[in-house]
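Biologist: Can you walk me through the model? I'll ask as we go.
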Amino acid sequence: MIRLLLADDHPIVRAGLRAVLAAEPDFVVVGEAETAERAVELARSLTPDVVLMDLRFGPGAMHGNAATAAIAALPDAPHVLVLTTYDTDADILAAVESGALGYLLKDAPPEELAAAVRTAAAGESALAPRIAGRLLNRLRDPLPTLSRRETEVLGLVADGLSNLAISKALFLSQATVKSHLVHIYAKLGVDSRTSAVAAAVQRGLLRRG
């Protein structure tokens, strides 16, 4: 039997997962966690084979990637399979770097979920086909990266601040702010503030919400 731990802050999602997984003869759900912190505790005490981990657990809560890293550091660590609605390159790469062995989206069909659980339980990579494709594309064609200051500037642009307001907030001259924007536009291949924000969010370089 493959022992499973479900980690998601939505009771309905956990109930749905439990129902789907219960239909598989070789699966048994040994626990549920409504927070990432609780997931780490139960991963230690229940010794599951696979943890199905959501990424976000509400404002101010421990992130699923932090929990994944903590679980991966446990002795005889269970394998973590991320199951989420978020599919930006930034989310995917961060999850893999945290130690997740698999990454699936919540709209995956039941048979794909079951196959991924079995693959993860065997210690093998279990990436949804389109997630694997995106990772390969990312490796073939690395996206431009923004410097910390460029990210700060663009974040304030996204918040609706003018160049003057940004210069005051970051204690920069307006000329320096404009210079950062020119570099941002060049890296992202855009020519406006709105397009820069949209492109950065789409590529996972800037997180909103």
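Biologist: What do strand 3, helix 3 and strand 4 make?
Modeller: Strand 3, helix 3 (residues 64-72) and strand 4 make a right-handed β-α-β unit. Right-handed here means that, with the strands pointing away from the viewer, the path from the first strand over the helix to the second runs clockwise. Helices (H or I, at least four residues) and strands (E, at least two) are DSSP runs, numbered from the N terminus.
Modeller: This is a predicted model, where local features need pLDDT of at least 70, side-chain atom pairs count only at pLDDT 80 or more, and totals for chains, interfaces and linings use all residues. Residues are numbered from 1 along each chain as its sequence is written, and side-chain values use heavy atoms, with hydrogens and water left out.
Biologist: How many bridges pair strand 3 and strand 4?
Modeller: 4 bridges, in the parallel sense; strands pair if DSSP finds at least two bridges between them. Leu52 has Leu81 in strand 4 as its bridge partner.
Biologist: And which residue stands opposite Val50?
Modeller: Leu4 does. Strand 1 (residues 2-7) runs parallel to strand 3, joined by 4 bridges.
Biologist: Are the strand 3 side chains buried or exposed?
Modeller: Val50 and Leu52 point one way, Val51 and Met53 the other, and all are buried, meaning under 20% relative accessible area with a 1.4 Å probe, protein chains only.
Biologist: New topic. Which residues in helix 7 meet helix 8?
Modeller: Arg149, Glu152, Val153, Leu156 and Val157 in helix 7 meet Ile166, Ala169 and Leu170 in helix 8, with contact meaning heavy atoms within 4.5 Å.

Conventions. Buried means under 20% relative accessible area, exposed over 50%, partly exposed in between (1.4 Å probe, protein chains only).
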